[in-house]
Amino acid sequence: MKLSDWARQQGISDITAWRWFRAGKLPVPARPLPAGTIWVEAPHPEGITVLYARVSSADQKEDLERQVQRLQAFAQEQGWTEVKAATEIGFGLNGKRKKLLRILRDPQVVRIVVEHRDRLARFGFDLLEAAMAASGRHVVVIEEGEVTDDLAQDVLEILTSACGRLDGRRSARRRAQPAWEATGCK
């Protein structure tokens, strides 16, 4: 990694890190590249790598299994040792996916590997990626190409989610109405 990136990670200024390098006091191995950039050989934090696979409905379970196999093959190619697989069936718009939330809260997870960006989140992927990067963790996307399977399907998922929330509020209001009327308040 570049010396400036390493310095930010350590909470010191770029200039201080540069001075340490020039004085030979840098606590990690570093070398200058021909272009003048100083390259730091920072040790990679070992931790848990989670292979996260998700499909939208239960009838796609076979796709889920194939997704996990591709993720495992990729992790093996990278040489990651401590690897766990997490699978989930649920909409990409659902922000309350239990397994994903558990993974995001676990400080031992250093990387989440997904096949496509939309497997992790339909919207807000960049926010998740930035939040993880801020804590020294990262998301690895195997297939960077944008998946544009079906724009109509995405719009349908958004509408389904919004309608479900509205119906839920109306349903709760209808259930609470008799109790409210029984108190004599209006």
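Me: Which residues are buried in helix H1 (residues 3-10)?
Reply: In this predicted model, the buried residues of helix H1 are Leu-3, Ser-4, Trp-6 and Ala-7. Seen down the helix axis, the buried residues of H1 fall within an arc of 160°, so they line one face of the helix.

Me: And what covers the buried residues of H1?
Reply: The cover includes helix H2, which spans 14-23, and strand E2, which spans 38-40.

Me: Which exposed residues sit on the face of H1 turned away from its buried side?
Reply: That face carries Arg-8 and Gln-9, both of them exposed. After the helix comes Gly-11, which has a positive phi, near 80°.

Me: Switching to the sheet, in what order do the four strands run?
Reply: The order is E4-E3-E5-E6, in an open sheet whose pairing is parallel. Strand E4 (83-89) and strand E6 (138-141) stand at the edges with a single partner strand each, so one side of each has no neighbour in the sheet. On average, and with direction ignored, neighbouring strands of this sheet are turned by 25° against each other.

Me: How many bridges link E3 and E5?
Reply: Strand E3 (residues 48-55) and strand E5 (residues 109-114) pair over four bridges, in the parallel sense, and Val-50 stands opposite Ile-112 in E5.

Me: Which strands does helix H4 lie across?
Reply: Helix H4, made up of residues 98-105, lies across E3, E4 and E5, and runs at about 145° to E4. Helix H6 (residues 125-134) also packs on the sheet, where it touches E5 and E6, and its direction makes about 130° with that of E6.

Technical notes: Residues are numbered from 1 along each chain as its sequence is written. This is a predicted model: local features need pLDDT of at least 70, side-chain atom pairs count only at pLDDT 80 or more; totals for chains, interfaces and linings use all residues. Side-chain values use heavy atoms; hydrogens and water are left out. Buried means under 20% relative accessible area, exposed over 50%, partly exposed in between (1.4 Å probe, protein chains only). Helices (H or I, at least four residues) and strands (E, at least two) are DSSP runs, numbered from the N terminus. The arc is that of the directions from the helix axis to the C-beta atoms. Contact means heavy atoms within 4.5 Å. Two strands pair if DSSP finds at least two bridges between them. Axes are lines fitted to C-alpha atoms, for helices over the stretch in contact, and angles run from 0 to 180 degrees between N-to-C directions.
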